[in-house]
Amino acid sequence: MFSKPHVEAPRNRREFLESSGMGFGSLALTGLLSQAEAAPSQFHSQTGQKPHHRPRAKNVIFLFMEGGPSHIDLFDPKPLLNKLAGQSLPDSFGDILTAAGESRSPLLVSKRKWKQHGEAGTWVSDWLPEIATCVDDIAVIRSCWADGLNHSSSICQMNTCSLIGGRPSLGSWVTYGLGSENRNLPSFVVMQDNRSQVTNGPRNWGTGFMPAVYQGIQLREGKQPIPNLNNPEGITDQRQRTKLSLLKSLNQEFTDQHSRQTELEARIASYELAFRMQAEAPEAVDLSQETAATQKLYGMDQEETSSFGRLCLMSRRLVERGVRFVQLYHGAGSKWDAHSGIESNHTKHCKTMDRPVAGLINDLKQRGLLDDTLVVWGGEFGRTPMSEKGNGRDHNPTGFTMWMAGGGIKGGQTIGTTDELGLRAIEDRMHVHDLHASILHLLGLDRMKLVYEYNGRPERPTINEGEFQPKLVTG
Amino acid sequence: MLNTFKNIVCIPVVFLLMLSSAHAAGLSPEEIQFFEKEVRPLLSEHCWSCHGEKEQKGDLRLDTRGHTLLGGESGKSIIPGKPDESLLIEAIRYESYEMPPAGKLKAEQIKVLEKWVSLGAPWPGADDTVPVRKDHGPRFTDKDRSWWAIQPLQDVTVPKPVAGDWCRNEIDRFLLSESEQQGLKPAPEASRASLIRRVYFDLHGLPPTPEEVQEFLNDQSPAAYERLVDRLLDSPRYGERWARHWLDVVRFADSDGYRADGYRPEAWRYRDYVIRSLNEDKPYNQFVQEQLAGDELFPDNVDALIATGFLTHGIYEWNSRDVAGQWNIMLNELTDTVGDVFLGVGMQCARCHDHKFDPILQKDYFQLRAFFEQILIPSHQVAATPQQLEKHRLEMAAWEQATAEIRKEITAIEAPYRENAKAVTKSFPPNIQAMIAKPVEERSPREQQLVTLGWRQVEHNYKELDRKLKPDDKEKVLALRRRLSTFDKLKPAPLPVAQQVRDVGPVAPKTTIPKKRTECEPGFLAIFDQPAADYYGSKQTDTTGRRTALARWITQESNPLSTRVIVNRIWQYHFGKGLAPHSSDFGRLGGPPAHPELLDWLTRRFLDDDWRFKNLHRLIVNSATYRQSTQHPQEQAMLAIDPENKYYWCADTRRLDAEQIRDSILAVTGQLNLQAGGPGVAASVPRRSMYLRMMRNSSDPLLEVFDLPRFFTSVPARDTTTSPVQSLQLFNSQQMLRFADQLTKRAYAESTADSDEAQEDAALHRAWEIVFGRPVTKAELSVAKEFLNRQSMLLSEQETTVNLQQQETATMPYRTGQSVVFRADKPSPFYVANDKGLNTENCTIEVFFQIQSVYESGAVRTLVSKWSGAVSEPGWLFGVTGRGSRRKPQTLVFRSFGRNSDGKVGDAIIFSDQHIEFNTPYYAAVSFHVSDEHAGTIDFYLKDLSNDDEQLSRITKKHEVTQVSENDLPIAFGQMVRNRQSFFDGLIDDVRLSSQALDVQSLLFTQESVLKNTLGYWKFDPVPGMFQDSSTRQYHLTQSDRMISAGSPRREAFVDLCHILLNSNEFFYVH
């Protein structure tokens, strides 16, 4: 109702009803979960709620390695680094700015053993033996770059394209652009591997200036995957049902008196929807339905990999059920942030992540889901060739690696390069804007046609920047 | 007064570029070959896809020599013969632009183009066609100049509608005459009960009490409503409600944003200033002038100084080493906000390019920014007049003299730590370090700004000094401070500190359009053609006067934008929609106003009325238009004509916003505390939502779910969304059940009767009056009774269960899930019954916590204990010491009884010496070794969850216990058993107890799981259950004084009924 009539859901609902002559029955579902679905072309005239071109992917699983994994120890070997280890960065690299200010600290040797894998001969270090077996499905992008120096702004950018808060996240744009395929589950889901808060907290999956209906919903494993989903402790179903029925009768009376306000119907429906979620959401995250073999594939049989394995398996179950965008944080709370002791830090985090992620790719593939599901892996930035505190590496946004698999990606290729020390991306550079533009493109969305009008400005997901990188699909 | 509207005579300036006709003819074969073989392929492969015939990014073509010379938006791309001055060469060197964007060219390729330019850019076959393009100067069209929002206010005559009797004032005459033409008829006036509710929510943001409703209904005089309106406008509640709207627009928050989201302890003074200003009906022009240039215009007015806080509410990243980059972001953010707030035009679009739809140039953006280019945001700035400062200085003299010696000693001890605190500047870029090293007088204005900004990081470290002090030094400092405090009586009251702005000096740094290198002076939108120079005041020695000039321009009556913008905002908040649809965008995309004459008439009236809001409110809410019912007898017919209610033929039913919802719940449950002003409080305090700490990264779940913005950018209007997440929050959260319980208590307390049955009846009636402001209807009464019968029957068949509704929970910052709220004044008993297995020798106790206060004495706020505090019942305790602890105030302590190495029984009190800050989330652990190779040591671990830069700290100490005594006591959380001097105050999240002294790798901080040696792991989450132990040993929690439900199913059913009322649409919507 407030002053943005052309973006306001209720107003649009009304317009929708008035113009389409459809009854409240269909409207009832236009809450959080399936708003997009029930929305006809007037709803968001700019997007039409359908792809702009033929999509290659339907869903995204974004594996976010929070804190910034070291590309030069995982996917981007730099022989020169070990040759020059102990010396300062050569002057030819010019001035650089680092978060911790150790730009002239000695270069830190990479202790990794490197091998080429798969038919394509993709380089992967010994820290990721399992993902290494999947490289023929993976396009490694060695030439990513971003603008932020610190976690907060960089994570904000990797989620929203902007260093400063206030813009919608990629998942929100996708939800806005494509809607959900499942009425009883949120269309944009966020999960994390531990209970620390992800840097920046919920605004990473927030909607910025868009209405809250497009925001990510945090999901957890267990009987109550969504906050407040279950009855309060000690209150029986029967007691709840009597209450609900009284609520409905009171609400219906008020609604009948104010029939022009269609939100009132939607609010009645939202209670019904809430209780349908109560039935469906726990099923979606119930891993006991999976076979032992599947569980093993994700590393659920081992203590170290079990926790992230469960989340990866849940991700598959969710996309299977039509969830559009899964954002899965590994190392929530910047746990990959190896300013010191990179050996022990990365050994541990690679170990807990490697098997589950490989399991996810293999499982998606064997079920035929990989064609429709784009898997994206990476952090908010990479790490410096220079050392920090003697045995760690600082943040490096000027050159780092991400990879993509499935969803139309041509696997078995390595795109782009960094300089000889892995400090800066130099060839086929892909800025965060390009990454987002490419992800959107694969989903059939054109970054310039996906428009949300706010404050009279046509706002677009990549702030009018960025290009799709065609090599992702052509090689 | 200047005339705002000069028509601009603007001839598009066209310049012709003359090419030497001799060019093509004079090329040597080598030049031709060089171009064809080396240059053309390069240009073709790397440039032409974006700068060719099909696409001209940045208005630049590089596929002919003429176009290359002409250049693009950023100017000429090459200067033949001068590669170092050519933009093209800079761009491929990645010095300014970074071209091509996909990756830098190889060094030899760059050399080719350098050579080509130095040869004079030979281009075989280049003809002498002259490319023509309009210059980038103002080039406004007639359409631009006829943009409605920049036209002067029209002199409009109030129309005379046919059914004039209906009208109460001019607003009605405007709207009725238009709606009559559409064939519409106004709805009847709303009922009195609806009206009072509507106007209360509108002007106060709160529901009326049943007594207030009754009084209004009883007042039969014709002016009853107008009197009610006057009373509401005179109440301090008015300012509290309407300040909320303004704070939305100016993106006010109490925190920094970004990761650390640091609390801004003085931000609230601005919030209180806004409330104060509205309550005293300060004219809007003065209000604006104070916020933009209070320091320049009203230096003797403390409120005006606080008002400049407006310029400081943007987000700030406390550890950004890119000082210059951050400053640039901050100035741009401020420019965006000023455009949104005062001008209602999308300046943001023009940051990168001329506005595509509105006549706003990129230059306009930077001219607007130039008004702020020179600002300085000093920290810890006292808000006081020079006179007050002088008085304070004199009053301080006695104290300063008396304490000089002590302070000198403290300074001496702290000196090396302060020196260390400066080390952070070594992480800054070399140029910033050089600026810091310069004497103040040698710094340029820009350098001074950057040093001030960068220095905040040092000041941040100064604040953390206490944590860094070595134990010996800390004890000395504490002793000195105690001595210092004995002189406090000599000290005058401290002056208030507020976030403020002033100019860096009388000279401003340059404002430059990025990449174009065009310098900009302060200036208004070019389409107005008004020189800023006309608006400056007399020259001042310490300030530029730029902001004064802007403030004067914005607040002159003839400014068509700023005046309409504010009046439209007021209308929007009253009706839920503006007369112009986008209150912060009057541009072409925002759409034209629906009733332009009314907007102009109202604006004129507002200006004539001295820019005051209260009369404008009066005019609006007293109008017949405002007083209409939401229901119309011929609704279908009216809907067919005007489905969107563009002509205001009835009132709209509107959902309350987040703050109104929370405040209403607190009000009807009798919890609301109307204390006004002061620092923001946590959401658990039942004060108006206006006074909550607004943290950008974490907000109260109830507010958030009802579309509370995050305040990163200016918010012109709230969203209203409907989602199942709201329903879940309202229907299933413990919080709402607690509110239902409180409502029940209130309804019963406020109704008396002889019998139980009559009392229930009375309470029912009362509940309806409280929640809906109206009597219960007969039909509702019978439905409610039937519900109570059924529900109480159902409940009497069930076993009575623990009433968990009393337990308050919250989310700890930087954590997810639920934590327990412990209050020192209202302790929550949480026990694990004793068990043999819980008496352990080596042990690790781990806990996530956030503490709000410590005891003034030395008493310990307990985290976890197995002790009563009595020496006769030896046990152990882990907690935080009080301020008065002689040895170690405000630090972690572990106390344990047992047999010492000398064979005697005694206790070991070990302090961690790690300073514990208030309202900061921590992970803390104590790992206690009695046997094994580390016997006799204890490790304290502490991690500030809000500070990524700080690692997990570990302090190892020695102790003499060789055998811990056993006892029969339960383990108690947040207190010691039967001890009233031990209560925790704050949040406690996960607690884990292990039967081994864990090493770093196994700590809960990194391993959130049940390990082999885990004795108990309590998460306080709904899953597996708030009182459940997650470990295999199943040591579940109990509350010793269990709150068994009152034993009356009937009363329980009434709570359920109240819960339903608090979930109902009628409660959430105003009509």
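This briefing walks through two protein chains, from overall make-up to single residues. The model is predicted. Chain A has 13 helices and 17 strands. Chain B has 34 helices and 23 strands.

**The chains overall**

- Chain A holds 475 residues, and 67% of them are buried.
- Chain B holds 1071 residues, and 59% of them count as buried.
- The C-alpha atoms of chain B fill a box of roughly 110 × 85 × 65 Å along the principal axes.
- Take the contacts in chain A between residues at least 6 apart in sequence: 77% of them join residues at least 24 apart.

**Strand 5 of chain A**

- Strand 5 of chain A runs parallel to strand 7 (residues 325–330) of chain A, and 5 bridges join them.
- Strand 5 of chain A also runs parallel to strand 6 (residues 217–218) of chain A, with 2 bridges between them.
- Val190(A) has a partner in each neighbour: Gln327(A) in strand 7 of chain A, and Gln218(A) in strand 6 of chain A.

**Helix 12 of chain A**

- Helix 12 of chain A spans residues 432–442 and is mostly covered, with 10 of its 11 residues buried.
- Among the buried residues of helix 12 of chain A are Val432(A), His433(A), Asp434(A), Leu435(A) and Leu442(A).
- Just after helix 12 of chain A comes Gly444(A), with a positive phi of about 90°.

**Helix packing in chain B**

- Two packed helices are described by the angle between their axes and the distance between the axes.
- Helix 10 (residues 236–249) and helix 22 (residues 560–575) of chain B have axes that come within 12 Å and cross at roughly 125°.
- Helix 10 and helix 22 of chain B are therefore oblique to each other.
- Helix 10 of chain B passes helix 22 of chain B in a right-handed crossing.
- On the helix 10 side in chain B, the contact uses Trp242(B), His245(B), Trp246(B) and Val249(B).
- These residues meet Ile566(B), Arg569(B), Ile570(B), Tyr573(B) and His574(B) in helix 22 of chain B.
- By class, the contact of helix 10 with helix 22 of chain B has 6 nonpolar, 2 polar and 1 charged residues.
- Helix 22 of chain B also meets helix 23 (residues 596–608) of chain B: their axes come within 9 Å and cross at roughly 105°.
- That makes helix 22 of chain B roughly perpendicular to helix 23 of chain B.
- On the helix 22 side in chain B, the residues in contact include Thr563(B), Arg564(B), Ile566(B) and Trp571(B).
- On the helix 23 side in chain B, they include Leu598(B), Asp600(B), Leu602(B) and Phe606(B).
- By class, the contact of helix 22 with helix 23 of chain B has 8 nonpolar, 3 polar and 2 charged residues.

**Strands 21 and 22 of chain B**

- Strand 22 (residues 1014–1018) of chain B is mostly covered, with 5 of its 5 residues buried.
- Strand 21 (residues 986–994) of chain B pairs with strand 22 of chain B in the antiparallel sense over 4 bridges.
- Leu993(B) stands opposite Gly1016(B) in strand 22 of chain B.

**Backbone points to look up**

- Most residues other than glycine have a negative phi, and most peptide bonds are trans.
- Asn464(A) is not a glycine, yet has a positive phi of about 65°.
- Asn464(A) sits in the loop between strand 17 (457–459) and helix 13 (471–474) of chain A, and counts as partly exposed at 36% relative accessibility.
- Asp281(B) also has a positive phi, near 55°.
- Asp281(B) lies in the loop between helix 11 (268–279) and helix 12 (284–297) of chain B, and is buried with a relative accessible area of 13%.
- A cis peptide bond joins Met99(B) and Pro100(B), with omega about -10°.
- Pro100(B) is in the loop between helix 3 (87–92) and helix 4 (107–118) of chain B.

**An exposed residue in chain A**

- Ala293(A) lies in helix 9 (residues 292–297) of chain A and counts as exposed, at 57% relative accessibility.
- Ala293(A) and Met386(A) are 93 residues apart in sequence and 43 Å apart in space, C-alpha to C-alpha.

Terms used
Residues numbered from 1 in each chain as written. Chains lettered and ligands numbered in written order. Predicted model: local features only at pLDDT ≥ 70, side-chain atom pairs only at ≥ 80, totals over all residues. Heavy atoms only, no water. Buried < 20%, exposed > 50% of the residue type's maximum accessible area, 1.4 Å probe, protein only. Axes fitted to C-alpha atoms, helices over the stretch in contact; angles between N-to-C directions. Parallel < 35°, antiparallel > 145°, perpendicular 65-115°, else oblique. Left-handed = near helix turned anticlockwise from the far one by under 90°. Contact = heavy atoms within 4.5 Å. Nonpolar A, V, L, I, M, F, W, Y, C, P; charged D, E, K, R; others polar. Pairing = 2+ DSSP bridges.
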